[in-house]
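Keep the viewer open as you read.

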There are 2 protein chains.
Amino acid sequence: MPAAIDLPHPDRDDITLEGVLFALSDSERLAIARELRVGPLDAVNCVPWDPSMPKSTKSHLMKVLREGGVIRSVPNGRNRTLSLRRDDLDARFPGLLDAILDADH
Amino acid sequence: MPAAIDLPHPDRDDITLEGVLFALSDSERLAIARELRVGPLDAVNCVPWDPSMPKSTKSHLMKVLREGGVIRSVPNGRNRTLSLRRDDLDARFPGLLDAILDADH
DNA sequence: CCGTGAGTTCAACTATTGTCGAACTGTGCC
DNA sequence: GGCACAGTTCGACAATAGTTGAACTCACGG
């Protein structure tokens with residue numbers, strides 16, 4: 001499967017609190033979410049903190065974030081543009097995303 | 001080991017965001033935290049939603065919440081009084097606890 | 001002081017997650 | 001068209017997390 005396929009994202013109402021918390025309960029996934037805070041980013045330009053990580057592992061990280069409803073991952077040429085689902089998350093769980101991303105690290 | 005032993009709790013500064021998110025990323029643990037919202041509760045009176053759950057399993061749930069820094073668990077006679085570590089969590093991660101516990105379920 | 005009650009620990013097991021190589025597929029550039 | 005690039009999927013394995021019964025410990029009430 002290519003980089004340019006349309007992957008399934010949960011609808012806003014299907015995003016669960018548990019799913020979001022789980023997705024962000026891992027340091028690396030949390031770091032990705034924090035990177036996306038300033039705006040969408042191509043996956044290629046993201047994740048600069050470990051260039052040696054195999055692509056299948058990166059793909060898996062993105063998958064958990066995507067399936068948890070935390071990020072949106074859309075094809076963009078041969079890349080993928082990742083973005084936070086801020087509107088959906090803010091609507092569904094007000095204050096949650098900022099509380100998490102603002103948190104002391 | 002009895003019900004009345006002093007179990008280790010992480011210091012405020014040792015509580016990690018990831019640990020808190022992980023502890024609360026499970027429906028049952030989240031439900032316990034929500035029950036404790038109104039105030040401390042003896043473990044016996046808590047967890048009314050599944051009386052058939054083995055005690056070792058309940059003990060494990062409490063352990064994860066305690067080690068994650070979400071709850072405090074102090075001996076109280078032959079029970080254990082559970083309470084949210086609201087002061088510590090609010091100090092360390094402002095807004096996080098309310099955002100989570102207020103969230104739509 | 002003995003029995004009961006509440007909760008912890010241990011050990012074994014199951015189940016869920018994470019890691020990574022290999023094979024594969026659209027996309028863009030020549 | 002051909003080729004390299006970015007990511008996905010699959011499968012196998014490692015690692016972590018959840019479940020539970022049994023043995024144990026302390027506190028309370030007779």
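How many salt bridges does the count come to over all chains? By the rule used here, the count comes to 16. Bear in mind that this is a predicted model, so treat what follows as a reading of that prediction.

The side chains of A:Arg72 and A:Asp88 meet in a salt bridge, at 3.1 Å from N to O. This pair links distant parts of the chain, with A:Arg72 sitting in strand E2 (residues 71–76) of chain A and A:Asp88 in helix H4 (residues 86–92) of chain A. The two residues are 16 residues apart.

A:Arg72 also turns up in the surroundings of A:His9. You'll find A:His9 in the segment before helix H1 (17–23) of chain A. If you leave aside the neighbours within four places in sequence, A:His9 is in contact with A:Arg66, A:Ile71, A:Arg72, A:Ser73 and A:Arg85. For a sense of scale, take A:His9 and A:Leu41, which are 32 residues apart along the chain: their C-alpha atoms are separated by 18 Å.

Next, the helix packing in chain A. Helix H2 (residues 27–35) of chain A packs against helix H3 (residues 55–67) of chain A at an angle of about 70°, and their axes are 10 Å apart. Angles of 65 to 115 degrees count as roughly perpendicular, so H2(A) and H3(A) are roughly perpendicular to each other. Which residues in H2(A) meet H3(A)? On the H2(A) side they are A:Glu28, A:Arg29 and A:Ile32, and they meet A:Leu61, A:Val64 and A:Leu65 in H3(A). Sorted by class, this contact has 4 nonpolar residues, 2 charged ones and no polar ones.

Now switch to chain B. There, the axes of helix H2 (residues 27–35) of chain B and helix H3 (residues 55–67) of chain B come within 10 Å and cross at roughly 70°, which makes H2(B) roughly perpendicular to H3(B). The contact brings B:Glu28, B:Arg29 and B:Ile32 in H2(B) up against B:Leu61, B:Val64 and B:Leu65 in H3(B). By class, that contact of H2(B) with H3(B) has 4 nonpolar, no polar and 2 charged residues.

So how do the chains relate? Chain A can be laid on chain B by a turn of 180° and a shift of 0.0 Å along the axis, with an RMSD of 0.0 Å. That is the relation of a two-fold axis. The residue of chain A that comes closest to the rotation axis is A:Leu21, with its C-alpha at 2.6 Å. The same surface serves both copies, as 100% of the contact residues of chain A recur in chain B.

Finally, the interface itself. Here 19 residues of chain A are in contact with 19 residues of chain B. Between them, chain A and chain B bury about 1400 Å², with 69% of it on carbon and sulfur atoms. There are also 2 salt bridges between chain A and chain B. A:Arg92 forms a salt bridge with B:Asp104, where the closest N and O atoms are 3.0 Å apart.

Methods: Residues are numbered from 1 along each chain as its sequence is written. Chains are lettered from A and ligands numbered from 1 in the order in which they are written. This is a predicted model: local features need pLDDT of at least 70, side-chain atom pairs count only at pLDDT 80 or more; totals for chains, interfaces and linings use all residues. Side-chain values use heavy atoms; hydrogens and water are left out. Axes are lines fitted to C-alpha atoms, for helices over the stretch in contact, and angles run from 0 to 180 degrees between N-to-C directions. Helices (H or I, at least four residues) and strands (E, at least two) are DSSP runs, numbered from the N terminus. Angles under 35 degrees count as roughly parallel, over 145 as roughly antiparallel, 65 to 115 as roughly perpendicular and the rest as oblique. Contact means heavy atoms within 4.5 Å. Ala, Val, Leu, Ile, Met, Phe, Trp, Tyr, Cys and Pro count as nonpolar, Asp, Glu, Lys and Arg as charged, and the others, Gly among them, as polar. Copies are superposed by least squares on the C-alpha atoms of residues with pLDDT of at least 70 in both. Buried area is the accessible area (1.4 Å probe) that two parts lose on being put together, summed over both. A salt bridge is a side-chain nitrogen of Lys or Arg within 4 Å of a carboxyl oxygen of Asp or Glu.
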